[in-house]
Amino acid sequence: MTMAYPTFDPRTFAVWGEGFGSWGRVQGDGNAGSLNRSTGGFVFGAEVLIEQNLRIGIAGGLTITDTDVGCRLSFGSDESRFGAIYGSGRWGAIHARLGVSYAWHDIDPSHHVVAPGLNDHTTASYDGPTMQAFG
């Protein structure tokens, strides 16, 4: 007896993802302090072939970046969440790719101010969106 079971055809439906990271240091000198930075995150998505020549997809993810100028007692972070919708189509010799993405950012810098007679800690918190379209 043979049993049939459903399978996904990767040419029709696909799920994908990617993790990423980056670390670095900018060397200081007698005037400027050294900067350490790290970025990490992930993006994932799914896309489907609607017709022979029409594909649509969605994607989303998260990015976190931290910066540190330790000798200046300065630190910062930026956390961004994002999503996108995209598609492509082909009609004869005409090929089109379109999409739109939206990101929300949360940026938090912190700095210690130390000078003769002054010792203070300043912080801020910014947030805001970024929208992009492409074609």
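Glu47 and Arg55 are both buried, a label that goes to residues with under 20% relative accessible area, whereas exposed means over 50% and partly exposed covers what lies in between (1.4 Å probe, protein chains only). The model is a predicted one, so local features need pLDDT of at least 70 and side-chain atom pairs count only at pLDDT 80 or more, while totals for chains, interfaces and linings use all residues. Numbering runs from 1 along each chain as its sequence is written, and side-chain values rest on heavy atoms, with hydrogens and water left out.

Side chains of opposite charge can pair when their charged atoms come close. Glu47 and Arg55 make a salt bridge, with 3.6 Å between the closest N and O atoms. The term asks for a side-chain nitrogen of Lys or Arg within 4 Å of a carboxyl oxygen of Asp or Glu, and two salt bridges turn up under this rule. Arg81 and Glu79 form a salt bridge too, at 2.5 Å from N to O. Here Arg81 is partly exposed at 43% relative accessible area, and Glu79 is partly exposed at 26%.

Aromatic rings come next. Rings of Phe, Tyr and Trp (its six-membered ring) pair if their centres lie within 6.5 Å; planes under 30 degrees apart count as stacked, over 60 as edge-to-face and the rest as tilted. That gives one aromatic pair. It is a stacked one, because the rings of Phe42 and Phe44 have centres 5.9 Å apart and planes at 20 degrees. Phe42 is partly exposed, with 36% relative accessibility, and Phe44 is partly exposed as well, at 46%.

On the surface, a nonpolar patch brings together Ile58, Ile85, Val100, Tyr102, Trp104 and Met131, with about 600 Å² of accessible area together. Patches take residues with over 30% relative accessible area and no salt bridge, joining like charges within 9 Å and nonpolar side chains (Val, Leu, Ile, Met, Phe, Trp, Tyr) within 5 Å; the areas come from the Shrake-Rupley method with a 1.4 Å probe, and for residues only the protein chains shown count as cover. Strand 5 (residues 94–115) gives the largest share of the nonpolar patch, three residues; strands are DSSP runs of E, at least two residues, numbered from the N terminus. Trp104 sits in strand 5 and is partly exposed at 35%. Pro109 is also placed in strand 5, partly exposed at 32%. Its C-alpha atom is 19 Å from that of Trp23, 86 residues away along the chain.

Then there is the largest pocket, with about 220 Å³ of space. A pocket is an open set of points on a 1 Å grid over the protein atoms alone, where a 1.4 Å probe fits, with protein on both sides within 12 Å along at least five of seven lines; lining residues have an atom within 4 Å of a point. Grid points are joined across faces, edges and corners, and the volume is the space filled by probe spheres set on them. The lining includes Arg11, Leu49, Arg55, Ser88 and His95. Strand 3 (54–69), strand 4 (74–91) and strand 5 each give two or more residues to this lining.

Leu73, in the loop between strand 3 and strand 4, has a positive phi of about 55 degrees although it is not a glycine. Ala93 belongs to the loop between strand 4 and strand 5 and is exposed at 78%.

Terms used:
Helix = DSSP H or I, 4+ residues; strand = E, 2+ residues; numbered from the N terminus.
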